[in-house]
Amino acid sequence: MKQRKLIALVLSIFLFLPCLAFAGKDLDAVRKKGFIQVGVNGGVFGFGMPDEKGVWKGLDVDTGRAVAAAVFGDANAIKFTPLTAVQRFTALQSGEIDLLARNATRTLSRDTQLGLNFVTTNYYDGQGFLIPKALGVKSAKDLSGATVCVLPGTTTEQNAADFFRSNNMEWSPVVIESTSELAKTFFAGRCDVLTSDISQLAGTRATAPNPKNYVIMPEVISKEPLSPAVRHGDDQWKDIVDFSVLAMIAAEEMGITSKNIDTMLKSKDPKIQRFLGVTPGNGKALGLDEKWAYNIIKQVGNYGEVFERNVGPKTALGLERGLNALWTNGGLMYAPPFK
Amino acid sequence: MSEPVTTTSATEEIKPPVSNVGVLGWIKENLFDGWFNTTLTLLTLFVLYKVLPPFVQWAFIDAIWSLTEGARPGGDGAVWAVIPENVRFILFGFFPEGQTWRPIAAILILFALVFYSKDLTNWNRFFGPIWTVGILVMGVLMYGGIFGLPVVETSKWSGFPLTLTLSLFGMVGAYPLGVLLALGRRSRMPAIKSLCVVYIELIRGVPLISLLFMSSVMFPLFLPEGMTIDKILRAQIAIILFTAAYIAEVVRGGLQAIPKGQYEAAESLGLPYGLTMRLIILPQALKIVIPPTVGILISAFKDTSLVVIIALYDLLKTTQVTLSNPKWMGFSTEAYIFLAILYFICCYVMSSFSRKLEKALHTGR
């Protein structure tokens, strides 16, 4: 009898433990909690990583902060869950996080089969090659017969294989598990080329004994639109996340920055008045405070500011805007009208 | 004429040759007795000669201990500056900066408790309560919420405190569970016996990594949407379930080593099952298995570093994160040496604790 009671007790504990946290519809649940739970990378400099003081920094992190500013008027009403590549989609599906901003590439199968909705891309990445200048190669097409350092088991390896095969070139991959070891091997001269996403290559180059001796080749061999994602089932929540990203882009288009935003409030331009909520309408349509866009830009900044702060030329990554420039500057960043 | 000389010297003590006593003697006896040992010794000396000077050169002579502002350190030496610059994040991770004293105090309390337990005369009726109070105080220090301490959620527990929490509660949870499983496996009730056998064999048949993956990737999918369990708690339960299976087998070994006469003696005294186990069998059995149990606990402590793969910020993960900052990317060797020293200290404390315990309990029958 005693044993049976004990077993029943243990079982009931396991059954009721999960009831500690409950959530309903995503937006309501977020509002009730009072903060947004965002899944981030946790180990990629410039996108999602804690600094020496344990403060989260990065482009994806700031994207999450922008959504928090839009919903709560407070960019710090946010908690971060660091996730591995394997965990990231499960965490979103199971409701452990409300928003995934973890440099995930938007693909058709992920968008459909995994039950996710990707929103506007916050960084256009692509796979490229890093080579020592001394190699004297001008184009990736001249890399026939090269030894190539690559991470195993990622799409990176496959893309590289496809690239070399489709161009009828020989290559010998050097496969190494960890990013930092891979970089060490490359700088030690064990392979001619290092291939990875360009944003990563820039970071790797920054750690070289002499970064000026290395160049990233102009060829981009894959498309990696890194986009935040939410799960299916709450379209209003998806709209809010989507337009929070777009608001940062729109603000840059209109020349609104976190510094000049208060003078912009007095602008006579009806576009800007609508955007900042001086003329109401947008907030109500999204189910947010009319100041939602103002809060994003004031507290987080426009897309250009966020880019410069986290990955731009002045950071260790030193990335140029490239594809991530505004459409008016030859990039892909384009926001629909805010009306 | 020579005879008196020998007689007098016979009364004196004849000293052994210099080469057989003292340092020289020891060296001769232990390092150069026979060609095999001589070769080994020479080989070892050669390897040391090849390895040590470059290491000393790298680790101490060429080393950079602090960083000049702005510049990325270069040179051939170790860059130990990576440790002091990041030590707060490596050890305490996301714990709010002004509150760092709280995990430090909690760790000190833990070490004090371990030190206190080393003396067996302290194992009296106050022993349990003192540990309970200690753990409660540690919990309050870490979580806060009363006495004006701001609340620090478990998701912000990281670095060394997380490693210690996972191991401490892993051990505390796994040990009783393991003993129960061992008893269950030797039970005469077929249902309980087969349940325990299946459990033990199932868990021992899979690596800890797969259990952690299941707890973090598969398990949440079985729950209704929106229901979530704390990530740390999930990993903690996985570690407990895993360690318990191993402890169960060790304890079963101890139970089997107890002579049948002991069981029969207990029965002839009319003791029921519970008392037989509590008063006669378990005290002897658990004493026998102290060395393998501590072995399992030490490996459980080291296994906690596997939570890296489910993105919990234990000691190893905070170090890895530090190393993925471009500023510190090349200095993995230095950081990992620091980690190794830290792990070694903890494991050494545990194993010396177990040796002391064994001696005090006279397990070598």
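## A walk through chains A and B

Start by selecting chain B: there are 15 helices and zero strands in it (helices are DSSP runs of H or I with at least four residues, strands are runs of E with at least two, and both are numbered from the N terminus). Its radius of gyration is 28 Å, well over the 21 Å that the globule rule gives for 365 residues, so chain B is more spread out than a compact globule. That radius is taken over C-alpha atoms, and the rule is 2.2 Å times the number of residues to the power 0.38. Along the principal axes, the C-alpha trace of chain B spans about 105 × 80 × 40 Å.

Before going on, keep in mind that this is a predicted model: local features need pLDDT of at least 70, side-chain atom pairs count only at pLDDT 80 or more, and totals for chains, interfaces and linings use all residues. Residues are numbered from 1 along each chain as its sequence is written, while chains are lettered from A and ligands numbered from 1 in the order in which they are written.

**Colour by confidence.** Switch to pLDDT colouring (the predictor's confidence in each residue, from 0 to 100). Chain B averages 82, with 92% of the residues scoring at least 70.

**Zoom in on two helices.** Pick helix 7 (residues 160-185) and helix 13 (residues 290-303) of chain B, which pack at an angle of about 145 degrees with their axes 9 Å apart. Axes here are lines fitted to C-alpha atoms, for helices over the stretch in contact, and angles run from 0 to 180 degrees between N-to-C directions. Show side chains for B:S167, B:G170 and B:M171 on helix 7 of chain B, and for B:L297, B:A300 and B:F301 on helix 13 of chain B: these make the contact (C-beta atoms, placed from the backbone, within 7 Å).

**Bring in chain A.** Where the chains meet, 32 residues of chain B are in contact with 37 residues of chain A. On the chain B side, helix 4 (82-92), helix 9 (208-222) and helix 14 (315-323) each give two or more residues. Helix 9 of chain B gives the most, with four residues. The predictor gives the complex an ipTM of 0.72 and a pTM of 0.78.

**Finish on chain A.** The mean pLDDT of chain A is 85, and 92% of its residues reach 70 or more. Select residues 13-24 of chain A, where the pLDDT is below 50; this stretch has 13 contacts in the model beyond near neighbours in sequence. Then colour domain 1 (23-124 + 225-329) and domain 2 (127-222) of chain A. Their centres, taken over C-alpha atoms, are 31 Å apart. Seven residues of domain 1 of chain A are in contact with four residues of domain 2 of chain A.

Key
Domains from an automatic or database assignment. Contact = placed C-beta atoms within 7 Å.
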